[in-house]
Amino acid sequence: MWTSVYMTQSLDTARNMRVKMEDENILVMFRSIKIEDRAGEECFELLVPSAELKEALDIIISE
């Protein structure tokens, strides 16, 4: 099962965090979430397998 571990409005921040997790051999799913009522607003979400949640959180906390 995939678990959401990180959300941001910055595409660069999301990409950088994804690279850091992948460098530690963590599987990462990246997706964009658009808010329909607010044109131009978008969030980016990173998801990891539940089995890798602790490792992913350790990377996020260390940043």
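Trainee: Which residues make up the largest nonpolar core?

Mentor: Bear in mind that this is a predicted model. The largest nonpolar core has 11 residues: V5, Y6, M17, M21, I26, V28, L46, V48, A56, I59 and I60.

Trainee: And which element gives the most to this core?

Mentor: Helix α2 does, with 3 residues. At least two residues come from each of β1, α1, β3 and α2.

Trainee: Staying with α2, which of its residues are buried?

Mentor: Within α2, residues 53-62, the buried ones are A56, I59 and I60. They lie on the same side of the helix, because the arc they cover around the axis is only 100°. On the other side, K54, I61 and S62 are exposed.

Trainee: What do the buried residues of α2 pack against?

Mentor: Their packing partners are β1 (2-8), α1 (11-23) and β3 (42-49).

Trainee: What does Y6 contact, leaving aside neighbours within four places in sequence?

Mentor: Y6 is in contact with T13, M17, F44, E45, L46 and I60.

Trainee: A change of topic: how many aromatic pairs does a search of the whole structure find?

Mentor: The search finds 1. The pair is formed by F30 and F44, and it is stacked, with 6.0 Å centre to centre and 15° between the planes. It links distant parts of the chain, since F30 is in strand β2 (residues 29-34) and F44 in strand β3, 14 residues apart.

Trainee: Is F44 buried or exposed?

Mentor: F44 counts as buried, because its relative accessibility is 7%, under the 20% limit. F30 is partly exposed, at a relative accessible area of 26%.

Technical notes. Residues numbered from 1 in each chain as written. Predicted model: local features only at pLDDT ≥ 70, side-chain atom pairs only at ≥ 80, totals over all residues. Heavy atoms only, no water. Buried < 20%, exposed > 50% of the residue type's maximum accessible area, 1.4 Å probe, protein only. Helix = DSSP H or I, 4+ residues; strand = E, 2+ residues; numbered from the N terminus. Arc of directions from axis to C-beta. Contact = heavy atoms within 4.5 Å. Phe/Tyr/Trp six-rings, centres within 6.5 Å; stacked < 30°, edge-to-face > 60°. Core = buried A, V, L, I, M, F, W, Y, C linked by side-chain atoms within 4.5 Å.
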